[in-house]
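The sequence and the three-dimensional view come first, and the description follows.

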Amino acid sequence: MGKITISTLVKMKAAGEKFVCITAYDATFSRLVSEAGAETILVGDSLGMVLQGHDSTIPVTLDHMAYHTECVCRGAPQSLVIADLPFMSYSTPEQAMANATRLMQAGAQMVKLEGGTWLSDTISMLVERGIPVCAHLGLTPQSVNALGGFRVQGRTPKEAKSILADAVEIQDAGASLLVLECVPSHLATDISEKLSIPVIGIGAGAGTDAQVLVMHDMLGLSQHSARFVQNFMTDSNSIQEALGAFVQAVKSGAYPREEHSYS
């Protein structure tokens, strides 16, 4: 595949073609993920849990994110690289601008931040100045303490209406992508159909435009896995084969299945 851009993903959504996102944190795995055919790579603050051994993403710093973003981008992937802005690194538009600049200069082609309509001005400011944004709604891990733990979001009509409203406003503010995490599949499908920007799901059912999994989860390396995770190493003889199997399962619609979704 040639170098993936935002335009590539928008065209895939319009054509009804699923695309794939996998996390990576170093050059070796970013190369393998890209060679497996994943259109996007997320340098996730999930590294706090799968690499550093923390029980949440909150301890991850901007220095950590910049370092791992540089490593991933040195893998020379054809994939579009998205980097997470870590906890409390975008509490004001000005802070977000300075820290997003750091990640873009480390090689990212887009930054991801968690939150709803309160981020509209920040998103607009970043996009106006040439920094593409991926938003993140539903279960937002950086807010796990405020949310009362890792639990499904959007199950009540009020919560669902709020997430949909946030999604529309975030798109209007200029976000290019949206991640929906741990929301009922019917809500994720509704949001994906209403938005013109591509929607990436994780624990959000099969109706989104793309799927993302943390690499360590899909390779069966994590100590605890969520309901939406499938271990692709089970029927594979190598990591490369498992990555390829995940890519093909997403594109064919074989993953996620109903047991990976929430109602």
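How many nonpolar, polar and charged residues does the lining of the largest pocket have? The lining has 17 nonpolar, 11 polar and nine charged residues, where Ala, Val, Leu, Ile, Met, Phe, Trp, Tyr, Cys and Pro count as nonpolar, Asp, Glu, Lys and Arg as charged, and the others, Gly among them, as polar.

The model is predicted, so that local features need pLDDT of at least 70 and side-chain atom pairs count only at pLDDT 80 or more, while totals for chains, interfaces and linings use all residues. Residues are numbered from 1 along each chain as its sequence is written, and side-chain values use heavy atoms, with hydrogens and water left out.

**The largest pocket**

A pocket is an open set of points on a 1 Å grid over the protein atoms alone, where a 1.4 Å probe fits, with protein on both sides within 12 Å along at least five of seven lines; its lining residues have an atom within 4 Å of a point. The largest pocket holds about 890 Å³ of space, a volume being the space filled by probe spheres set on the points, which are joined across faces, edges and corners. Of the 37 residues in its lining, Met49, Phe150, Glu181, Val214 and Asp217 lie nearest the centre. Elements that each supply at least two lining residues include strand S6 (177-181) and helix H10 (215-218); helices (H or I, at least four residues) and strands (E, at least two) are DSSP runs numbered from the N terminus.

**The nonpolar core**

A nonpolar core is a set of buried Ala, Val, Leu, Ile, Met, Phe, Trp, Tyr and Cys residues joined through side-chain atoms within 4.5 Å. Buried means under 20% relative accessible area, exposed over 50%, and partly exposed in between (1.4 Å probe, protein chains only). The largest core has 87 residues, and Ile22, Leu178, Leu180, Ile191 and Phe246 have the most contacts inside it.

**Salt bridges**

A salt bridge is a side-chain nitrogen of Lys or Arg within 4 Å of a carboxyl oxygen of Asp or Glu. The count comes to nine, and the table gives examples.

| Pair | N to O distance |
|---|---|
| Lys13 and Asp209 | 2.8 Å |
| Arg129 and Glu128 | 3.4 Å |
| Glu259 and Arg257 | 2.7 Å |

Lys13, in helix H1 (residues 6-15), and Asp209, in the loop between strand S7 (199-202) and S8, are 196 residues apart, and their pair links distant parts of the chain. Lys13 counts as buried because its relative accessibility is 15%; Asp209 counts as buried because its value is 12%. By contrast, Arg129 and Glu128 are exposed.

**Backbone features**

Most residues other than glycine have a negative phi, and most peptide bonds are trans. Met88, a residue other than glycine, has a positive phi near 60° and lies in the loop between strand S3 (80-84) and H5. Cys182 likewise has a positive phi, near 50°, and its place is the loop between S6 and helix H9 (185-194). Met88 is exposed because its relative accessible area is 52%, whereas Cys182 is buried because its relative accessibility is 6%. A cis peptide bond, with omega about 0°, joins Tyr255 and Pro256.
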